[in-house]
Amino acid sequence: MLLQTLITGLSIGGIYALMAVGYSLVFSVLNFSNFAHGAVIMLGAYIGLGVVRFLAPALLPAVAIAMIGAGVLAVLNERLAYSLLRRRKAPSLYLMISAMGCAVLLENLVYATIGSRFYAYPEFFATSVVTLAGSTVSLLDLFAFIFSIGAIGGLHLFLTRTKTGIAIRAGVADMTMCSLMGVNLDRLIAVVFFLAGAFAGVAGIFLGIKYLVYPTMGWITNKAYIAAVIGGLGSLPGALIGGLILGIVETLVSTYISSVYRDLFSFGLLIALLLYLPNGLLGRETGEKV
Amino acid sequence: MNYILSIVTLACINMVAVLGVAVFTGFTGLFSLGHAAFVGIGAYTSAILTYYYDAPFAPSLVAGMIVAACVSLIIGIPTLKAKLRSDYFAIAILGFGEGLRVLLENLEITNGARGLPGIEPHTTLPAVLLALALSIWGVRNFLTSRWGSACIAIREDPVAAEMAGVNLFRTRLLSLLVSAALCGLSGGLLAHYLSFIQPVMFTLVQSTMLLATVIAGGMGSISGPLLASFIFIALPEALRVAQIWRLVAYGLVLVTIVVYRPQGLMGYTELPAVLRKVFAPGKSSAPFSTTPSSPRERSTEAVPKTAATPSPSCEGEKPPLLRLEHLTKNFGGIRAVDDLSLSVPEGAVYGIIGPNGAGKTTVFNLITRVYRPDEGVILFRERSLLGLAPDAIVHEGIARTFQNIRLFNRQSCLENVLTPLRQRAPYGVASAILHLPSVGRAERELKARAMELLTEMELAAYADAPAATLPYGLQRKLEIARALAMGPSLLLLDEPAAGMNPEETRALSAHIQEIHRRFSLTILVIEHHMDLIMRICSRIAVINFGALLAEGTPEEIRKDERVLEAYLGKGKSDHAA
Amino acid sequence: MRKFAVILACAVLCLFVGTALAEEVVKIGHTVSLTGGASMWGQSEKRALEMLIEKLNAEGGVLGKKIVLVSYDNRNDAVEAVNVARRLVEDGVVAVIGPAQSGNAIASAPILEKAQVPMVVTTATNPYVTLDKKTEKIRPFAFRPCFIDPFQGTVAARFAFRDLKAKTASILYDVGSDYGQWLAKYFEEAFVKEGGQVVAKEAFRTDELDYRAQLGKMKELNPDVIFIPTSQKEAAMAAKQARDLGIKAVLLGTDNWGSPDLIELGGSAIDGGFFVNLTDLADPDIQDFVAEYRQKFGEDPVLPNPVMAQDALLLIVDSIKRANSFEGPKVAEAMANTVGLKVTSGTLTIDPTTHDPLDKPAVIQKVDVTNNAFPFHMKFYPQDVK
């Protein structure tokens, strides 16, 4: 039972991590909580669904188009709701509120136009299971988990090995310095949001396949925010580790203590951790410059 | 008619909660995604009391407020003490709110998710109006008291607020308590109006709505959020059919307001003020008139008596006022301050010079506890400052200004000076909220004293102008006035002449000397303008790469070979560039 | 946007008609979820009522007055439901149909009771809709044409134990939903009473998507059936995840499963499941209604709400006739003494001591994914499980 619990925990954690990465990526550059990330994930799921229903009933084109679509939406979101604030050097509180507003807006726009009904993806993976020492893993979970780790690893490589990636990381270190050195800040930020959106698109498709597609599905991203905070906002390995920890803790609590009080434990863990490590496990100190 | 009244009642109940969020988010600047939980706590507490124990209505409401406030301590104390940055705090309080809902869903006494039906419908419109009026009155009193100005100072600039003697933790916690209590009251009224409550009424969505209302109405305003609350509730009721689009509009309004009109509906003003302006456009706000009986006597009151006007020549015979010993601070791999030892004699004007990035400002930040030193000791009057919080250090008698001016920008000049003065106001929270006569008396005295200080700094004409609208030079002066309002014995000036021309610099030098004399201060000043330093300082320390290069009188420094080589030559070319 | 315009036009028309013909019409209130998660049933419910009212008015209305339906959206939200109830009272309706959800019905009941307006809920199955929880006394103005949750829980338990031959069961429910909490409780009580054993009772929170932790625990205990008293969305996800974990137990649900999209959402995982429902598209008693609805709107009604709403309207109209009055107390009294009234779903007899129906059967439907249908499996009458 323990092994099964751990496997389930890892699989749930992988999904949290996938949702948390985009959120953490934006945080690492702009230093604010993009609460609209959940809404972009939701839109990604709808885009993928549209592709599957009306264009090609296959997984790969759906993933590709959802990534591009959600990426473009994320860039638009930044242009319309954040860029003015960013240029005005508004405090992060305002960016957070704007993001919250976007989340409410997008979610209800889908409600009002597409409607409140639920949709399911076709069954790409027949409910086949792999048996591992008496515990079962579904093929989808295995695939999703490997994909999450791979994608996060790829993003990490991109940020550490490519020129654009290094420019992004330099932007993280000092935004004004970056613009002084002739780096096009707007383009850099567009790249960041596109990447975050692309990850949201993938996360949306996985959520859609694993669960269902409906306007408020983005709320589950709250868990990803918590995972990102546990791992340390702004740190990609942190998002991965935070996601896995949260997934495993939740599953363990559900199995061995109480599924009803599970959230109490995960939120308690979050608050306790923040008290000892105010910047999460791998977050960097973001002291204010005086 | 009944129906309209019921909408008005609900709107007013909502307003009480909005008021609570306005205090916390609007005035203190903390982002909360969990206030619906406090509404829930208030609702359940009061409902359980009247439902199971047949308690009378009014005491139940008060109990709801108290319990909501107490519960807010559970999340407030740890998170605010740890000074979590706003994003982390927002997530923590979101988690807390959701966690509370888990409890409500599972406890026997709350009847779980099934909710409590059949609560006595005690809430009537007059009761709600009374509660709302009392809340507005109490909040207004709170916000115009020392606590309110501390909240606003934190919203404007937490670091500067600390340097104005505001205790971040206590003020933020108090603001949370007040806002939770108001939300609790709103919950109690709601429960006894609907006569049915369920945990699902108090979710993140509700928290978001409360927040949206405050933002749309205007942070830093009471009437704005109340107006917004009414609009948000009344409008969709009037257009009942357009409901699908109601939430779309909520989101749109929120984004548009934050991006294009961040000050919200009312901005940082109140409805009465706007109306007054509209209906009496010719009449400007009355000039502040002060009739202090003996200004001289009062102004020295603000200064600790211990500083007994020493002349710069007799230094060295007393213990130094401030002593730094082996101070070291690292940032990552960079050693910003390296084994620095200094002693500042009482009554001196002490200069610190050094090239850019030499660690001068870091020294100030270490003294005022913005940073914690990695090694070393800081002694003030031979007492260590290391164990004290920033605001406590200010209260010890050390005040400072900032290299990049940090005023409470949207506050008037008078308020900027009043905030630090108020931190020693002799009244408590309860009397402030009830606005007892003693509060009014104390406030009048403080205002008079603030006015005196402004007059002293030749800023009296700008008393009612927002600090941000002042010309640059006057902002510098205002910052000094604010520092002086703390009644310090040691004043730290961080590049006071930055961006000034030679003429202005000369005037400033004279002014600093005047302050030094008038307030019997010891002054520690960082400056690049060598002529200013040479003119006003009795001793000078030269810092390079965080370490002390030389120390002595202006003459000694002028002659020091090392300084000439390492700093002055380079510094002069820097200055010319 | 077009829908919006239509609704707006309807509302304006209602108001206009309502004021202009105040003397010749009788207003019947309708509180319903036209938006939000339950809107599918709400919209269908409203159509069915309008369809029936047209027919009744053609036959001369009630006591010589034409019936006008005053519908307001309660968004499936208790606070909104209270607002709507107050608004309906103000509009001077003689009786109210709805709400469909127990939470909203319980919230609305005290308002309508105070105004002495009879309320006939459609599918609110919680006992405390017609019973005051605090005093344990009957609410004089609250009635329903549908069965109640203890009966539904009992039917599910009996079906599992006797017909599915299950000895062990586990329960997966939504702790944030009053519906789920009640049914979990009633099922557990009834199943234990039958002689079975509830090996696991696990909950999740509303809006949660992953139940694998809870299901993983159940897998170890290997129950014969898993009772999932949730709506079709959670049921579909739970089914998928249970099959992912390799759980083979039979899945058993309640009336909230009975949504046309259950099969689309659950896919192959939900195949072979059973659920309790109020009515069934194949029920011989409602064939006339189904045919009429199909003909008029070109699609199947979203059961069971339209049928229950028609039952409620017929109950109101009949009671007004028998009371020969539009006064609330008199109508309510007549309602409490309804015996063998012919309604859309069959006949209706109200128990004067509980205001619940005495003769409402529950049907068991099977989930057949291959044919994309919920074939009728069996039927339980209240006397069967006494």
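Two residues count as in contact if their C-beta atoms, placed from the backbone, lie within 7 Å. The model is predicted.

Q: How many residues does the contact between chain A and chain B take from chain B?
A: Both chains give residues to this contact. Chain A gives 40 residues. The number from chain B is 38.

Q: Which helix supplies the largest share of the side of chain A that touches chain B?
A: Four helices of chain A each supply at least two residues here: H3 (59–87), H4 (92–113), H9 (221–231) and H11 (262–276). The largest share is 15 residues. That share comes from H4(A).

Q: Which element gives the largest share of the side of chain C that touches chain A?
A: This contact takes 31 residues from chain C and 27 residues from chain A. On the chain C side, the elements giving two or more residues are helix H2 (39–58), strand S9 (197–204), helix H7 (212–221), helix H8 (232–244) and helix H9 (262–266). The largest share is six residues, and its source is H7(C).

Q: How many residues on the side of chain C that touches chain A are charged?
A: Eleven residues of this side are nonpolar. Eight are polar. The charged ones number twelve.

Q: Which strands stand at the edges of the five-strand sheet of chain C?
A: The sheet is open, with parallel pairing and the order S2-S1-S3-S4-S7. An edge strand has a single partner, so one side is left without a neighbour in the sheet. The edge strands of chain C are S2 (66–73) and S7 (142–143).

Q: Which residue in S3(C) stands opposite C:His30?
A: Strands S1 (residues 25–32) and S3 (residues 95–97) of chain C run parallel. Three bridges join them. Opposite C:His30 stands C:Ile97.

Q: Which residue with a positive phi follows H3(C)?
A: The helix reaches 20 Å from its first C-alpha to its last, close to the 20 Å expected. After the helix comes a residue with phi near 75°. That residue is C:Gly92.

Key: Residues are numbered from 1 along each chain as its sequence is written. Chains are lettered from A and ligands numbered from 1 in the order in which they are written. This is a predicted model: local features need pLDDT of at least 70, side-chain atom pairs count only at pLDDT 80 or more; totals for chains, interfaces and linings use all residues. The expected span of a helix is 1.5 Å times one less than its number of residues. Two strands pair if DSSP finds at least two bridges between them. Ala, Val, Leu, Ile, Met, Phe, Trp, Tyr, Cys and Pro count as nonpolar, Asp, Glu, Lys and Arg as charged, and the others, Gly among them, as polar.
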